[in-house]
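Please read the briefing below with the sequence and the 3D structure side by side.

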Amino acid sequence: WSVNSHVSGYIAPEDIDEDSMDEIAQILNSLIPVYKKICGYSSTTNIEEVAAKSTDTKKTYWLYAPGANASHWDEFYDNGIMAIGWNGLPDLKDYSREDIVSGLKAHQPERDSDFKNDSLCCYEFAHKIQIGDVVICKKGRKEYLGYGIVQGEYYYDSDVDDYRHRRKVNWVD
């Protein structure tokens, strides 16, 4: 992921170059204490015990950046929301991923991109994130800010100037 990613999804292991594997391993290892805290394990519980006891297969964990360099963290935390930009796109509820790609291309014709990651972010934010999922908030690539539990369905807030695509989140820590 990059600092410009707002929601990060699945990447197949074979699609990750070897140079990135060490950095990814460090980041994932730094998140183990966060996962233990979210799930109510003690800090002394080893990760193998956590994996063996984990039976909740419906809950998904999402990495989330609240704006560039976490610029909207305080606002989103105070308002109990998570939000993404792409204000040129309308309400995403009724759009397929292909529709989102078309909308992004139409809105940014000067950008030489296939909009693969942006469209995935928008689509997953509106359609894949579920109530009860855990959102781990990050700043850049290495700083953890907090985590929360998704409390509401996706909604589009046309009354705000920026970050119109939103979800209610109970920021726990």
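Leaving aside neighbours within four places in sequence, Asp118 is in contact (heavy atoms within 4.5 Å) with Trp86, Leu104 and Arg111. Asp118 lies in helix α5, where helices (H or I, at least four residues) and strands (E, at least two) are DSSP runs numbered from the N terminus. This is a predicted model, in which local features need pLDDT of at least 70 and side-chain atom pairs count only at pLDDT 80 or more, while totals for chains, interfaces and linings use all residues. Residues are numbered from 1 along each chain as its sequence is written, and side-chain values use heavy atoms, with hydrogens and water left out.

**Salt bridges**

- A search of the whole structure finds two salt bridges, a salt bridge being a side-chain nitrogen of Lys or Arg within 4 Å of a carboxyl oxygen of Asp or Glu.
- One of them joins Arg111 to Asp118, with the closest N and O atoms 2.8 Å apart.
- Asp118 counts as buried because its relative accessibility is 15%, whereas Arg111, at 36%, counts as partly exposed; buried means under 20% relative accessible area, exposed over 50%, and partly exposed in between (1.4 Å probe, protein chains only).
- Lys93 forms a salt bridge with Asp91, and here the closest N and O atoms are 3.7 Å apart.
- Lys93 is partly exposed, with a relative accessible area of 44%, and Asp91 is also partly exposed, at 26%.

**Helix α4 and its two sides**

- In helix α4, which runs over residues 97-107, the buried residues are Ile100, Val101 and Leu104.
- These residues lie on the same side of α4 because they cover an arc of only 100° around the axis, the arc being that of the directions from the helix axis to the C-beta atoms.
- An α-helix has 3.6 residues a turn, so residues three or four places apart point the same way.
- Glu98 and Ala106, on the other side of α4, are exposed.
- The buried residues of α4 pack against α5, which spans 116-127.

**Nonpolar cores**

- A nonpolar core is a set of buried Ala, Val, Leu, Ile, Met, Phe, Trp, Tyr and Cys residues joined through side-chain atoms within 4.5 Å; the largest one has 27 residues, of which Tyr64, Met82 and Trp171 touch the most other members.
- Elements that each supply at least two residues of this core include β2 (61-64), α3 (73-79), β3 (81-84), α4 and α5.
- Not counting residues up to four places away in sequence, Trp171 touches several residues, among them Tyr64, Trp73, Phe76, Met82 and Cys137.
- A second, separate core of seven residues includes Ile27, Val34, Ile136 and Tyr147.

**The chain as a whole**

- The protein chain has five helices and seven strands, and along the sequence they follow the pattern β-α-α-β-α-β-α-α-β-β-β-β.
- Of the 173 residues of the protein chain, 36% count as buried.
- Among contacts between residues at least 6 apart in sequence, 61% join residues at least 24 apart.

**Confidence of the model**

- The mean pLDDT, the predictor's confidence in each residue from 0 to 100, is 83 for the protein chain, and 83% of its residues reach 70 or more.
- Over residues 1-5 pLDDT stays under 50, and for these residues the model has 13 contacts beyond four places in sequence.
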